[in-house]
Each structure stands twice: as structure tokens, then as C-alpha cells.
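Have the model open while you read.

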Amino acid sequence: MSEQDISLSQLPEESGTPDDAGLPEGWLRVTSLDMEAQGIARRPDGKVVFIEGALPFEVVSVQVGRKKSSFEHGTVTEIHHESSQRVRPGCPHFGLHAGSCGGCKMQHLEVSAQVAIKQRVLEDNLWHLGKVKADTMLRPIEGPAWGYRYRARLSVRYVIKKGEVLIGFHERKSRYIADMKVCPVLPPHVSRMLLPLRELIGQMDARETLPQLELACGDEVTALVLRHLEPLSEGDKTLLRAFAAEQNVQWWLQPKGPDTVHLLDEGGAQLSYGLPDFGITMPFRPTDFTQVNPFINRVLVARALRLLQAKKKERVIDWFCGLGNFTLPIATQAGEVLGIEGAETLVARSRDNYARNQADRVAGQALAPTQFVARNLFDMTPEMLVADGTADKWLVDPPREGAFALSKALAELNENPDLRQGWTPPRRIVYVSCNPATLARDADILVHRAGYRCVSAGVINMFAHTAHVESMAVFELA
């Protein structure tokens with residue numbers, strides 16, 4: 001079996017699905033989806049077949065492209081019994097045809113069914129990898145299915161033979177760039193900009209040395225970061241300025257690594273997003289990590305804080321705090337907050353964001369005293385945890401790697417009381433995850449070694465039409 005068999009997920013059962021018996025030779029019944037949104041079926045001898053383009057409860061014919069001893073991989077060629085959850089994709093570049101875009105994997109599946117699958121993925125991971133079952137499953141957090149992607153990294157290539165520029169995501173299972181003319185998951189004004197951008201870059205002197213274009217949309221500003229491998233001519237900069245004026249965008253240039261990113265022209269509006277429920281505005285640079293989906297992020301932060309239940313007399317630690325996306329809202333409710341992040345540059349910007357928002361608060365609504373520190377969170381020890389002091393509650397929002405070292409240090413303090421030196425564990429932990437497998441691994445430690453129980457968990461459909469699963473879990477001291 002391959003890595004694709006991790007966490008299989010089914011749609012809600014359909015009625016009217018024909019019996020397994022009596023299928024013509026070669027036809028397959030799809031029973032579930034894998035983490036890559038491929039249908040899964042079994043041949044009469046039990047061999048697993050992963051099928052691109054197929055959905056659960058469909059009966060299909062398949063063209064097999066890859067065979068192994070324990071599984072096969074193929075592409076659907078004909079659908080004999082169609083799922084009621086199948087829908088027409090919303091993008092002309094989605095599909096199994098040659099040159100199709102690989103950015104989305106589930107546009108052929110109704111959005112609510114996508115969410116049901118992700119919920120099942122979360123439950124399966126928690127149980128099969130962590131032997132943890134949440135007391136309550138939270139209602140999924142959902143938002144717009146289209147026009148939601150406010151951040152994107154688009155590849156750029158000037159095709160000399162065709163004399164044209166391609167800008168977009170890579171083709172499905174290919175290193176080539178898809179010939180994208182629209183992208184419905186990007187904001188509409190950005191989708192409309194794709195062809196003008198292709199025309200712009202085609203006119204530039206440096207068109208053969210521009211490999212990447214990064215998008216970052218704030219509430220008021222659309223920023224484009226142009227990666228260039230050679231200095232831009234004055235003529236190219238003039239073209240960029242004219243495009244910025246016409247399309248109302250802000251150009252940033254990246255001659256080398258991320259640290260070299262700078263504005264083409266200083267001045268203008270600042271890139272930022274708001275969290276209006278908390279009266280918070282978050283300035284950011286276009287290469288900073290921010291959530292891709294601002295509509296979901298607002299709901300996510302609000303739910304996380306409702307679950308955290310921070311009180312005015314409580315101290316809260318926000319682990320992996322980034323720019324302060326959770327830290328600053330927590331500071332509107334808690335008595336004291338500590339934000340901990342691995343990158344010193346992000347810590348500096350977190351402090352600036354805190355100071356800026358504190359200055360804007362009206363009398364009587366000041367943010368709680370808040371500190372930010374830089375620390376390697378993948379190298380945590382019990383001693384470091386004790387040194388950070390007791391907190392009533394934690395918010396944990398790690399990258400895909402999860403919070404293994406942090407969870408392990410917490411478990412070791414629970415198992416070795418002599419190490420605590422008066423330190424006490426948080427009563428409640430809200431864990432926001434972008435990888436259900438590492439969440440399950442950490443939940444295993446928290447529940448079976450650190451003395452917690454998982455009181456609730458649920459999915460966040462941050463990336464509609466993709467197989468990416470974001471989730472949230474709440475742990476309380478048992």
C-alpha cells in the first residue's frame with residue numbers, strides 16, 4: 001500500500017446505489033476517497049485501486065497507469081453510476097484533461113460533501129493515529145467557496161517558442177505551468193488580472209528571468225511580489241508603475257531571498273487586514289505568513305477565543321504566535337498574554353502590531369499587558385516550559401510539523417512532578433492545526449501522557465475544493 005491509504009474518508013451514504021454483485025467485468029465500485037481526493041475501489045481479488053476523478057458510490061471504468069503488488073493507480077474513463085454529490089466544476093481549467101490545473105482537487109464534489117469528507121479525515125486521524133475520540137464534534141467552519149484565496153504563489157514562465165507568458169499554478173502532476181486565463185478561487189479582481197499580467201510581463205526586458213509572482217491581498221491593498229533574477233531596467237519599472245496605476249495594485253520586488261523584498265516605490269497605503277470583532281488591525285508584509293482565507297480567519301479567531309474562555313484575571317500563552325493573529329484578540333479578554341514565536345523578525349513585527357493597536361484603543365479598552373519572545377519551539381524542554389511560567393490557558397497554532405516538542409515537554413512535566421518547581425499546567429488548550437496527522441500525534445501525547453481529555457474537535461474549510469484539512473481541538477485537564 002502507498003502513503004495514499006492514510007485516513008480514508010466516505011461521503012454520507014447514498015440510497016439507490018446498486019448492489020456489488022453483478023457488475024460487468026472491469027467495472028469498479030468506489031467506496032471512499034483518499035487524502036489526495038482520489039476514489040478508492042477494490043478489485044474482486046481485494047487489490048486496491050486509486051482512481052483520479054471518481055467519487056464514492058460511483059461505478060466506473062478505469063484506465064490503469066501504474067501497477068504495484070498491493071495497489072493500482074488509474075484515471076476514470078467512464079462513469080456508469082454517478083454520485084448525487086457530483087457537480088459541474090466552477091473553473092474551466094479543472095479536470096483530468098491535458099494541461100489541467102493542479103491547484104484544486106475537489107471541484108467536482110459538492111462543497112458540503114467536501115466538508116463532510118474533511119470531518120471524517122479528522123476523526124479517522126484522531127482515532128487511528130492517536131487513539132483519541134473527541135467528546136463532541138464541533139460544527140465545521142465554512143465560508144465562501146470561490147474568491148477566497150487572498151494569498152497565492154504563482155509560477156511565471158516566458159515560453160520562447162510560443163512568444164507568450166504563462167502565469168499560474170502547476171498543471172496536475174506536472175512541473176509545467178497551467179495555461180490559466182481565470183482562477184475562480186482567487187479574488188475576482190485578481191482573476192481578471194491574469195491575462196493583463198501575462199501581457200505586461202511579455203513586454204518586459206526581464207521576461208525570461210521572472211520565475212515567480214506572489215499575491216497578498218489585504219482589506220484595502222492588493223500587493224504583488226515580483227521575483228526577478230536580474231536587475232530590472234528603468235523601462236521595466238515604468239511598465240510596472242503604469243500597471244499598478246491601471247489595476248490599483250502595489251508592487252514589491254524580490255531580487256534574492258525573502259529578506260530582500262521591498263516596495264518598488266515607497267509610500268502608499270499599508271497592507272493590512274482587520275479582525276473587527278476585536279477592534280484589531282494587523283499590518284503585514286506580503287511575505288509574512290497570514291491565513292489564506294480572511295473570511296474563515298475572522299470566524300476561526302472568534303471561535304478559538306470563545307473556546308479558550310480567557311478571563312481578565314488569567315494568563316494565556318499563545319504558542320507559534322506569528323504576527324499576533326490570535327495574541328492580540330486574546331489581549332482584549334485576558335489579564336496577561338505571552339506570545340512565543342520561532343522567528344525574531346516576526347516577534348519584532350508582533351511587538352509593533354501590539355504597540356500600534358494599543359495606541360488606537362479607546363479609554364477603558366486597553367489591551368492586556370503582552371510580551372513577545374523568540375524561541376525554537378521545535379526544541380522545547382520541560383525546563384524551558386517551566387521558565388516561561390504558569391499560564392491558565394494555551395492557544396497553540398503550529399505549522400504542518402505540529403507541536404510535538406511542546407506536547408512532549410508538557411507530558412514529561414506531568415510524569416515527573418519533581419521537575420515542576422511550583423509550575424502548574426494550563427487547564428485548557430485550544431489547538432489549531434493545518435495537518436490532522438500531526439494533530440493526532442500530539443493529541444495522543446496530551447491525552448495519554450499529559451493528563452488531558454479531548455473535549456471537542458472540528459474542521460475548518462480554509463481551502464475549499466482542495467484536500468487540505470484544517471482543524472481545531474480543545475483539551476482540558478482530566
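Let's start with two helices. Helix 9 (residues 404-415) and helix 10 (residues 436-448) pack with their axes 9 Å apart and at an angle of about 10°. Axes here are lines fitted to C-alpha atoms, for helices over the stretch in contact, and angles run from 0 to 180 degrees between N-to-C directions. Helix 9 and helix 10 are therefore roughly parallel to each other, a label used for angles under 35 degrees. On the helix 9 side, the contact is made by Phe-404, Ser-407, Lys-408, Leu-410 and Ala-411, and helix 10 brings Arg-441, Asp-442, Ile-445 and Leu-446. Contact means heavy atoms within 4.5 Å. By type, the residues of this contact split into five nonpolar, one polar and three charged.

A quick word on ground rules. This is a predicted model, where local features need pLDDT of at least 70 and side-chain atom pairs count only at pLDDT 80 or more, while totals for chains, interfaces and linings use all residues. Residues are numbered from 1 along each chain as its sequence is written, and side-chain values use heavy atoms, with hydrogens and water left out. Helices (H or I, at least four residues) and strands (E, at least two) are DSSP runs, numbered from the N terminus.

Now the charges. The structure holds 27 salt bridges, each one a side-chain nitrogen of Lys or Arg within 4 Å of a carboxyl oxygen of Asp or Glu. The table lists some of them.

| Salt bridge | Closest N to O distance |
|---|---|
| Lys-47 and Glu-72 | 3.5 Å |
| Asp-179 and Arg-198 | 2.9 Å |

Lys-47 sits in the loop between strand 2 (39-42) and strand 3 (48-52), with Glu-72 in strand 5 (residues 71-81), 25 residues apart. Lys-47 counts as buried at 17% relative accessibility, and Glu-72 is buried at 5%. Buried means under 20% relative accessible area, exposed over 50%, and partly exposed in between (1.4 Å probe, protein chains only).

Asp-179 lies in the loop between strand 8 (164-168) and helix 2 (188-191), and Arg-198 is in helix 3 (residues 194-203), 19 residues apart. Asp-179 is partly exposed at 32%, whereas Arg-198 is buried at 9%.

Arg-298 in helix 5 (residues 294-308) and Asp-219 in the loop between strand 9 (212-217) and strand 10 (222-227) are 79 residues apart. Arg-298 is partly exposed at 28%, and Asp-219 is partly exposed at 37%. Elsewhere, shared partners join Asp-135, Arg-428, Arg-453 and Glu-476 into one salt-bridge network.

On to the hairpin. Strand 13 (residues 272-275) runs antiparallel to strand 14 (residues 280-283), joined by four bridges; DSSP must find at least two bridges for two strands to pair. Four residues lie between the strands of this hairpin, and Gly-279 in the turn has a positive phi of about 65°. Leu-275 stands opposite Ile-280. Ser-272 and Gly-274 point one way from strand 13, Tyr-273 and Leu-275 point the other way, and all are buried.

Finally, Glu-336 belongs to strand 16 (residues 336-341) and is partly exposed at 35% relative accessibility. Beyond its neighbours within four places in sequence, Glu-336 contacts Glu-314, Arg-315, Val-316, Ala-368 and Pro-369.

Notes: Angles under 35 degrees count as roughly parallel, over 145 as roughly antiparallel, 65 to 115 as roughly perpendicular and the rest as oblique. Ala, Val, Leu, Ile, Met, Phe, Trp, Tyr, Cys and Pro count as nonpolar, Asp, Glu, Lys and Arg as charged, and the others, Gly among them, as polar.
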